[in-house]
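Here is a friendly note to read with the model open beside you. Take the points one at a time, and find each residue as you go.

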Amino acid sequence: MRARSVALAVATTVALLATQVVAVYAAAPAGERYIVLLRPDADARGIVTALEHAHGFTSDFRYEALKGFAARLTPSQLALVRRHPAVAVVSADQTVEAVGSVPLAAGETAPTGVRRIDAASTTSASEASTVSVAVIDTGVSLAHPDLNAVSGKNCVTAGASANDDNGHGSHVAGTIAARNTGSGVVGVAPNTTVYAVKVLNSAGSGTWAQVICGIDWVTANGPSLGIKVANMSLGGSGSSDTNCGYSNGDALHQAICRSTAAGITYAVAAGNSGVSLAGQVPAAYPEVLAVTAMADSDGVSGGTGLRPTCRTSESDDAYATFSNYAVSSGAQSHTVAGPGVCIYSTWLNGGYNTISGTSMATPHLTGTIALCFGSGGVAGPCAGLTPASVIQRIRSDAQAHATATNGFVGDPSRPVGGRYYGYLAWAGAYSGAGAPPPPPPPPPPPPPPPPSDDPIVNGGFETGTLSGWTTGGAAVAVTSAHAGAYAARIGSASPFNGDSSVAQTFTVPSGRTQLSFWYRVVCTDSVTYDWATATLRDNTAGVTTTVLPRTCSNNGSWAQRTTSVTASHSYTLTLIDHDDNWPGDPTYTLYDDVTVQ
């Protein structure tokens with residue numbers, strides 16, 4: 001039994017959920033702006049006007065669908081407002097500010113993420129959605145030639161257009177709906193109408209009151225403008241009471257619930273802290289689709305691409321290491337994944353930029369939802385569904401499409417520890433009126449054939465079983481191979497106390513001098529506690545060699561080990577994974593292509 005110390009730092013934060021932009025909320029000082037929500041049956045217009053006249057203040061925002069307002073109140077005004085019988089919730093507004101951005105190297109001219117979810121191929125693209133989309137962000141570059149953008153609401157400067165002066169919102173809009181015009185990039189649902197809802201300024205700063213102002217505008221105007229989907233690539237610390245914010249006075253949660261009741265489906269970034277999304281709002285709210293991020297560098301499945309050029313710490317077709325994830329079954333039920341690493345999309349001044357984050361994964365889902373409502377003038381399977389049903393349709397279709405070859409490391413078929421990233425979105429299910437989805441990528445090349453007299457039985461595990469091997473512990477066969485379709489998975493996705501192993505005894509034929517095998521460790525702990533190792537026992541000479549010393553250091557990549565063998569000698573090879581059963585950090589090892597040459 002071992003003990004560990006864990007330090008927890010608690011802070012209130014919110015961010016535009018791109019790794020290029022980080023934002024921090026601080027509590028509003030006394031006497032500053034407050035968000036006031038009235039009872040649902042209240043006469044909002046009359047009560048707000050009466051409160052303003054009686055107590056000498058002017059509201060910064062009046063919310064229509066939500067019934068309430070935001071205003072700067074002195075302590076005495078605040079006390080009087082709280083006493084009004086129609087007032088249900090009063091909460092201090094909070095500020096958000098972005099910390100500077102760092103330019104990233106230009107990525108590919110074709111959007112790999114859009115191709116990865118089958119919304120486009122190298123030769124075809126989807127058509128415009130039959131519905132419109134709201135981007136609640138820093139605004140959208142209204143004059144960008146690659147966007148069909150309309151000014152919706154500016155909650156930063158009253159009466160001004162919702163033009164983007166930061167870049168983040170324009171990047172989101174391009175992934176959703178960049179035009180298919182032969183230049184620039186192509187979005188998931190090209191040429192779809194995007195309504196810009198500006199809630200953050202040029203520095204990426206704003207307040208919750210402004211965010212609620214944006215949601216309120218979408219709720220009030222969405223039905224008449226054909227808006228069925230809203231993208232929110234921002235968030236902050238908080239949690240869900242699973243009661244639409246009525247149990248804990250969460251005005252943001254109440255605003256989103258009113259909006260979903262009006263028929264708007266929300267796609268929301270899960271967050272970039274690499275922790276449970278249960279502490280991130282609005283992603284934690286069960287009424288939204290929470291979007292995690294995965295990495296794809298080549299636009300196709302298979303995991304054969306190079307490391308993403310703008311983030312070489314990530315791997316092709318694997319979960320993004322910065323992405324938040326779901327843990328509880330409740331959070332898993334509204335979580336799905338999208339490409340979010342090195343995403344190339346529209347930017348300010350008619351330009352383009354490459355950035356990463358769950359902010360970038362989210363618009364891939366927003367565009368997918370828009371296609372599900374319909375494209376090319378033809379209704380899709382989401383037409384007529386409630387937001388809750390839309391979310392489950394998107395998730396179930398993503399799961400139905402998932403296989404060992406088109407998924408990613410970290411999805412539910414290849415989980416990592418206790419983290420749930422969800423299945424990868426599949427826009428190809430809804431591209432009906434548009435171009436057909438691209439053909440599946442070719443299967444990976446088979447491993448080179450072993451010598452005809454290779455003594456290793458089922459060394460590539462291509463029987464889909466562990467036949468020929470003696471097993472111990474929690475060893476199983478899985479479809480995650482170095483080559484071919486199968487590898488041996490030694491160890492369990494759940495904590496397992498002790499060694500798991502496969503072993504085989506063989507005799508080296510004449511002319512063969514070398515044993516080799518490939519391995520990949522999925523290790524969330526220190527080598528002090530968990531490890532992969534392999535031993536080779538020369539039964540003829542009575543000598544045991546450690547072919548693979550204890551290691552926990554090659555997460556996410558395959559490596560090869562070789563050792564010399566002697567003809568006519570009998571050997572026993574044992575491939576081992578050790579896990580100490582510590583909760584939350586199970587270790588397992590994949591072994592493949594064992595051969596004697």
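The points below go from the cores to one helix, then to rings and to some backbone details.

1. **Before you start.** This is a predicted model, in which local features need pLDDT of at least 70 and side-chain atom pairs count only at pLDDT 80 or more, while totals for chains, interfaces and linings use all residues. Residues are numbered from 1 along each chain as its sequence is written, and side-chain values use heavy atoms, leaving out hydrogens and water.

2. **The cores.** A nonpolar core is a set of buried Ala, Val, Leu, Ile, Met, Phe, Trp, Tyr and Cys residues joined through side-chain atoms within 4.5 Å. Buried means under 20% relative accessible area, exposed over 50%, and partly exposed in between, with a 1.4 Å probe and protein chains only. The largest nonpolar core here has 108 residues, and those with the most contacts inside it include Tyr63, Ile136, Val218 and Tyr266. Apart from it lies another core of 28 residues, among them Trp469 and Leu575. In soluble globular proteins, nonpolar side chains tend to be buried together.

3. **A look around Val218.** Which residues is Val218 in contact with, leaving aside its neighbours within four places in sequence? Among them are Ala134, Ile136, Val197, Ile264 and Tyr266; contact means heavy atoms within 4.5 Å.

4. **Helix 5.** Helices (H or I, at least four residues) and strands (E, at least two) are DSSP runs, numbered from the N terminus. After helix 5 comes Gly226, whose phi is positive, near 80°.

5. **How covered is helix 5?** Of its 18 residues, 13 are buried, so helix 5 is mostly covered. Gln210 has its place in helix 5 and counts as buried at 9% relative accessibility. Beyond its neighbours within four places in sequence, Gln210 is in contact with Phe61, Cys155, Val156 and Val199.

6. **Aromatic rings.** Rings of Phe, Tyr and Trp (its six-membered ring) pair if their centres lie within 6.5 Å; planes under 30 degrees apart count as stacked, over 60 as edge-to-face and the rest as tilted. The whole structure holds nine aromatic pairs. Tyr195 and Trp217 form a tilted one, 6.3 Å centre to centre with 45° between the planes. Tyr195 lies in strand 10 and Trp217 in helix 5, so the pair ties together parts that are 22 residues apart in sequence. Both Tyr195 and Trp217 are buried.

7. **Charges over rings.** A charge sits over a ring if NZ of Lys or CZ of Arg is within 6 Å of the ring centre and within 35 degrees of the ring normal. Arg489 lies over the face of Tyr588, at 3.6 Å from the ring centre, and Arg550 over that of Trp531, at 3.8 Å.

8. **Backbone details.** A cis peptide bond, with omega about 10°, joins Val281 and Pro282. Asn349 is not a glycine, yet has a positive phi of about 55°; Asn349 is exposed, with a relative accessible area of 78%. Asp593 also has a positive phi of about 55°, but Asp593 is buried, at 13%.
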